[in-house]
Amino acid sequence: MATHNYKIFSCFNRKFTVTEQGPPPDVEKAFSVFTGGASSMSADHLLRFLEEHQGEADCTLSDSEGILEQLRKDQESEIDVHVFFQFLLHHSFNSPIKSQVHHDMNAPLSHYFIYTGHNSYLTGNQLSSDCSDLPIIKALQRGVRVIELDLWPNSAKDDIDVVHGRTLTTPVTLIRCFKSIKEYAFVKTHYPLIITLEDHLTPDLQAKVAGMAIQIFGEMLYYPETDSLTEFPTPESLKGRILISTKPPKEFLESKQSDDKESADKGSSSPDQINEPENDDKTAPEYKQLITIHAGKPKGDVQDELKAVGNVRRLSLSEQALEKVSESYGADIVRFTQKNILRVYPKGTRLNSSNYRPHIGWTYGAQMVAFNMQGYGKSLWFMQGMFRANGGCGYVKKPDFLIEQGPQNEVFDPKITLPVKKTLKVKVYMGNGWSLDFSQTDFDTYSPPDFYVKVCTIGVPADMAKKKTSVISNDWFPIWDEEFDFPLTVPELTLLRIEVRENDRHQKDDFAGQTCLPVSEIKSGFRSVPLYDKKGDKLKSVKLLLRFQFR
């Protein structure tokens, strides 16, 4: 029997027995039911299990035969209950959510939540970190579909820098950012990439941006034949294309007065803020023509902007502004986002590049909830969790209730508590992999770790809930076997957050892995759930065995 040895004061040895994990009773029962009591599982047995227990309606006999062939190759034995148990722990066979794009991608862009970055070029904080193309590359590799660049004249006033203006951040050239965007734009997903520009340039430099974009992006660059869009194009029609979103040059002088006020709101600068050009008659038509999504900020009352009719456009609001407006004009926000795009960005006091709770935007239909992707914390886990949906393509179709209006022109109101629509049941069986990814003393110096699991739902206020398992002491291979119920009123907007922590009696509990899953994507049955580190990078070996059921 295997043991773990721990030294205390370099004198004494403590030995802890390692208990091998076997199939839980629920797994043994399922094996017996679907094999009809036989000692081994056939392809027909496995197919019935996948269809009836796991809800894999698209599985075929050929699929189950292929799985059994792979298992026999790995185990070199018949498919008994222990091999079946190992099969359930395979993430590639039993992932908790679908890995393919499966939403309708032929609706206007305004019908989707879009994976959106804020100040995408910053490597750290908002005041003194370096500007670089590296965080842009990393964001694109994660599937982010909206990259924000702040454009300023360089010191010689003859070229364009990307930098957080009026701060101590060090610049990176626009041409370098554009070249990296071209190289990495579609490594994760082929659905369209949107570049939002916060433009502080003179007309001659705007013309230079236009020439640079055309030269570098070539056929990738999409722009409409008219600047009068009454409906946005679809993600499907824009696959492999790059779009530009910013204020059209004609709005420079009109926005100057409000820009001074907005700069205080953001701190040093505000999204899409534009300096007044020296001579408006030098306005570059080439630059204007490249703008697919016309952007703006409220010039007066926000509610007037929300009710304005005409061409579709993008409106930007800070997280604070959105929360304030939603108190009185929530329905107008939802109606606006049914055709137009709303971008929400972090308040200016988040100098450390922290983030806000994204549901304040999503529950009102905001498509671009902009985040500091170089940030940290639970809010970023929520963002990463939401965009694991739809195959991780960066576009998630909004629920119908955020797109449609009722017979009396009524729209969804997240403040109203609705009846429970479905109940998610989560059973936490066990976890493993920590002994492979961590050293023996990473959690406790003198004993194996004491793990427990936090299981939470995040969504509209009525769907917020927190549960946790008991602590399993001194065990690298914990078995909890505990179940939790989560009644949900709006499951379409709910995320399931799972975090493993190590109980520490003397200081803050240690982090041991996390994941966040969109409830609307969760597959029923036994599921192998991989965990991620604090930054959202997948841990190599750590996973949980869970069961999901919907009632």
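Which residues are buried in H5? In the predicted model described here, local features need pLDDT of at least 70 and side-chain atom pairs count only at pLDDT 80 or more, whereas totals for chains, interfaces and linings use all residues. Residues are numbered from 1 along each chain as its sequence is written, and side-chain values use heavy atoms, with hydrogens and water left out.

The buried residues of helix H5 are Pro-135, Ile-136, Ile-137, Ala-139 and Leu-140. Here buried means under 20% relative accessible area, exposed means over 50%, and partly exposed lies in between, with a 1.4 Å probe and protein chains only. Helices (H or I, at least four residues) and strands (E, at least two) are DSSP runs numbered from the N terminus. H5 covers residues 134-142. Its buried residues pack against strand E4 (146-153), helix H6 (174-184) and strand E7 (193-199). Just after H5, Gly-143 adopts a positive phi of about 100°.

The axes of H5 and H6 come within 10 Å and cross at roughly 20°. With angles under 35 degrees counted as roughly parallel, over 145 as roughly antiparallel, 65 to 115 as roughly perpendicular and the rest as oblique, H5 is roughly parallel to H6. The axes are lines fitted to C-alpha atoms, for helices over the stretch in contact, and angles run from 0 to 180 degrees between N-to-C directions. The crossing of H5 past H6 is right-handed; a crossing is right-handed if the near helix is turned clockwise from the far one by less than a right angle, and left-handed if anticlockwise. On the H5 side, Ile-136, Ile-137, Leu-140 and Gln-141 meet Cys-177, Ser-180, Ile-181 and Tyr-184 of H6, where contact means heavy atoms within 4.5 Å. An α-helix has 3.6 residues a turn, so residues three or four places apart point the same way.

The loop between strand E3 (112-114) and H5 holds Gly-117, and Asp-133 lies in this loop between E3 and H5 as well. Asp-133 is buried at 5% relative accessibility. Apart from neighbours within four places in sequence, Asp-133 is in contact with Val-172, Arg-176, Cys-177 and Ser-180. Gly-117 is also buried, with a relative accessible area of 1%. When residues up to four places away in sequence are not counted, Gly-117 touches Val-144, Val-146, Glu-148, Arg-343, Ala-370, Phe-371 and Met-373. Between the C-alpha atoms of Gly-117 and Leu-495, which are 378 residues apart along the chain, the separation is 20 Å.

Cysteine pairing was examined next. A disulfide is taken as a pair of cysteine sulfur atoms within 2.5 Å, and by this rule the count is 0 disulfides. Cys-177 is in no disulfide, and the nearest cysteine sulfur, that of Cys-131, is 8.4 Å away. Cys-177 is buried, at 0% relative accessibility. Cys-393 is likewise in no disulfide, the nearest cysteine sulfur being that of Cys-516, 18 Å away. Cys-393 is buried at 3% relative accessibility.

E14 and strand E17 run antiparallel and are joined by 8 bridges; two strands pair if DSSP finds at least two bridges between them. Val-426 stands opposite Phe-484 in E17. E14 is also joined by 8 bridges to strand E21 (residues 538-550), again in the antiparallel sense, and the bridge partner of Gly-431 in E21 is Leu-544. In a regular strand the side chains alternate between the two faces of the sheet.

Strand E15 (residues 451-458) and strand E16 (residues 465-468) pair in the antiparallel sense over 4 bridges. E15 and E16 form a hairpin with 6 residues between them. Lys-454 has Lys-468 in E16 as its bridge partner.

Two asparagines in loops have positive phi values. Asn-409 has a positive phi of about 70° although it is not a glycine. The loop between E16 and E17 (479-488) contains Asn-474, which is partly exposed with a relative accessible area of 30%.
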